Amino acid sequence: MTKGLDGRVAFITGAARGQGRAHAVRLAREGCDIIGVDICADIPTMTYPNASEADLAETVSLVEKEGRRMLARKADVRDYAALVKAVEDGHAEFGRLDIIIANAGIIRLGEESDDFLADWNDIIDTNLTGVWHTVRAALPALRAGGRGGSIVITSSTAGLKGSASLNAGGCAYTAAKRGVVGLMQNLAAELAPEWIRVNTIHPTGVISGMTQNDAMRRLMEEAAAGGQNAISGMQNALPIEILDPEDIANAVAFLVSDEAKFITGVQWPLDAGFAIR
């Protein structure tokens, strides 16, 4: 595709790094302006650092290098009012909204904390309620254009296939990623008459701040030594250990394009065959 989305506007959560940044850059290359938000702060129950304000500023720079504009805001998807304000500011700046990518998500790596209820609540509030907040905040602007549109929700292989866990974090992650599938199906059925398409994507492991950190390295070393943990049984069918965020962004660029105008209500595994193992 070359400028296949010229003049359109996308709202992306978790835009400061990883898949969110890759989506912003790839869609900018296709001609989109971007409204991007990120929490840009750590969450105490998580075992790795979140992106920073400098990371978000770098995403803006990369979008601008593609010749497009980006309005960036620091916002937590758990804060509905902050998302509404970001969308309002972006809609005022760009005059339209065509694409929503509910991408922001977290996971607790390793053992659960002493406050396991906080582990559960933070993950559910971010990965499930935060997705609902994102869509609810941005949908009025999307519908107002009367041009249809596309909503993509980032789920996970965990949204298709659970893994053994009693930990609050692991269970919450799977529950949330499966929960957004039901949310997607409700939305897809309701919005189809307006030519608004809604789909979930289900990536396997992707290079990002969530996977490239000390907590994940400890899990990988333990699994490599024969230990049993949350990742020890995870393996892709294709001989590739981990995907690049650009691999996911390329698929999403197709999914939001007119070439995919008939695709809605789909759970798309972007998983190197993980789900068939």
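**Close-up views of the predicted model**

**View A. Ala272, in the segment after S7.** Ala272 has phi near 50°, a positive value in a residue other than glycine. With a relative accessible area of 12%, Ala272 is buried (under 20%; exposed is over 50%, partly exposed in between; 1.4 Å probe, protein chains only). The model is predicted: local features need pLDDT of at least 70 and side-chain atom pairs pLDDT 80 or more, whereas totals for chains, interfaces and linings use all residues. Residues are numbered from 1 along each chain as its sequence is written, and side-chain values use heavy atoms, without hydrogens and water.

**View B. Trp195, in the loop between helix H5 (168–191) and S6.** Trp195 is not a glycine, yet its phi is positive, at about 60°. Its relative accessibility is 58%, and Trp195 therefore counts as exposed. Most residues other than glycine have a negative phi. Helices (H or I, at least four residues) and strands (E, at least two) are DSSP runs, numbered from the N terminus.

**View C. The open sheet of seven strands.** The strand order is S3-S2-S1-S4-S5-S6-S7, and the pairing is parallel (at least two DSSP bridges between two strands). Strand S3 (70–74) and strand S7 (267–270) form the edges, each pairing on one side only.

**View D. The pairing of S6 with S7.** Strand S6 spans residues 196–203 and is joined to S7 in the parallel sense by four bridges. Thr200 has Gln267 of S7 as its bridge partner.

**View E. Helices H2 and H4 against the strands.** Helix H2 (residues 53–65) lies across strand S2 (33–38) and S3, and runs at about 170° to S3. Helix H4 (residues 116–144) packs on the sheet, where it touches (heavy atoms within 4.5 Å) strand S1 (9–13), strand S4 (99–102), strand S5 (149–154) and S6. The direction of H4 makes about 175° with that of S4.

**View F. Ile153 in strand S5.** Ile153 counts as buried because its relative accessibility is 0%. Leaving aside residues up to four places away in sequence, Ile153 touches Ala102, Val131, Val180, Met184, Asn199, Thr200 and Ile201. Thr200, in this list of contacts, is also the residue whose bridge partner is Gln267. Lys177 is 24 residues from Ile153 along the chain, and their C-alpha atoms are separated by 9.6 Å.

Note on methods:
Axes are lines fitted to C-alpha atoms, for helices over the stretch in contact, and angles run from 0 to 180 degrees between N-to-C directions.
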